[in-house]
Amino acid sequence: MIKKIYITLFLLFCTSVFAIEKKTNFSIEDFENAKANGKTIVINSFESWCGTCVAQTKILNQAKKEFKDVIFMTYEHGKNKEIANKLNIEFRTTIVVYKGNKEVSRLIGQTEKKIIYTAIQEGI
């Protein structure tokens, strides 16, 4: 009986971890316009089934609320190879920060909030 309860709790926890909203909102046109206007842009490459991506998305969703002047763009890596190729992103767990036309930071597989926030601040 206890084993069934543990399994049920485990399954509920795992399902809620992956329930975070992830969607592609990246467009080449918006990206190029933001760069041309000198904006700070944070790009998040993810896969819907990736645990590291879930952790990154949670942090970036929080950052989006705190960094009001930063543009956050996301895309699903496997379904948007043209975006990955354009930005030279090889891994689904990549976060890239631009300030205008210049890439100022690139993180791969990073899930520590302080490091991700520091990377965003490099673009401000």
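Q: What is the accessible surface of the chain, and what share of it belongs to carbon and sulfur atoms?
A: The accessible surface comes to about 7,600 Å², with 55% of it belonging to carbon and sulfur atoms. Areas here follow the Shrake-Rupley method with a 1.4 Å probe, and for residues only the protein chains shown count as cover. A word on the source: this is a predicted model, in which local features need pLDDT of at least 70 and side-chain atom pairs count only at pLDDT 80 or more, while totals for chains, interfaces and linings use all residues. Residues are numbered from 1 along each chain as its sequence is written, and side-chain values use heavy atoms, with hydrogens and water left out.

Q: What makes Glu90 exposed?
A: Its relative accessible area is 60%. The cut-offs are under 20% for buried, over 50% for exposed and in between for partly exposed (1.4 Å probe, protein chains only), so Glu90 at 60% is exposed. Glu90 sits in the loop between helix H4 (81-87) and E3. Its C-alpha atom is 8.7 Å from that of His77, although 13 residues separate the two along the chain. Over the chain of 124 residues, 40% are buried.

Q: How do you know which pattern the chain follows along the sequence?
A: DSSP runs give the elements: helices are H or I runs of at least four residues, strands are E runs of at least two, and both are numbered from the N terminus. For this chain that comes to five helices and four strands, in the order α-α-β-α-β-α-β-β-α.

Q: How do you know where the buried residues of H5 fall around the helix?
A: In H5 (residues 113-122), Ile116, Tyr117, Ala119 and Ile120 are buried. Down the axis of H5 these buried residues fall within an arc of 155°, so they line one face of the helix. The arc is taken over the directions from the helix axis to the C-beta atoms. With contact meaning heavy atoms within 4.5 Å, the buried residues of H5 pack against E1 (40-46), H3 (51-66), E2 (71-76), E3 (94-99) and E4 (102-108).

Q: What makes the link between Glu103 and Arg106 a salt bridge?
A: The rule asks for a side-chain nitrogen of Lys or Arg within 4 Å of a carboxyl oxygen of Asp or Glu. The closest N and O atoms of Glu103 and Arg106 are 2.9 Å apart, so the pair meets the rule. Glu103 is partly exposed at 33% relative accessibility, and Arg106 is partly exposed at 29%.

Q: Why does the pair of Lys79 and Glu76 count as a salt bridge?
A: The N to O distance is 3.9 Å, so this pair also falls within the 4 Å limit. Lys79 is exposed at 66%, whereas Glu76 is buried at 13%.

Q: Where do Glu32 and Lys35 lie?
A: Both lie in helix H2 (residues 28-36), three residues apart, about one turn of the helix. An α-helix has 3.6 residues a turn, so residues three or four places apart point the same way. The side chains of Glu32 and Lys35 form a salt bridge at 3.7 Å, N to O. Glu32 is partly exposed at 28%, and Lys35 is buried at 13%. A network of salt bridges links Glu32, Lys35 and Lys86. The count for the structure comes to four salt bridges.

Q: Why is the pair of Phe26 and Phe31 called tilted?
A: Rings of Phe, Tyr and Trp (its six-membered ring) pair if their centres lie within 6.5 Å; planes under 30 degrees apart count as stacked, over 60 as edge-to-face and the rest as tilted. The whole structure holds four aromatic pairs. In the pair of Phe26 and Phe31 the centres are 5.4 Å apart and the planes are at 40°, so it is tilted.

Q: What makes the pair of Phe31 and Tyr98 edge-to-face?
A: Their ring centres are 5.2 Å apart and their planes are at 75°, so the pair is edge-to-face. Phe31 is in helix H2 and Tyr98 in strand E3, so the pair ties together parts that are 67 residues apart in sequence. Phe31 and Tyr98 are both buried. One aromatic cluster takes in Phe26, Phe31, Tyr75 and Tyr98.
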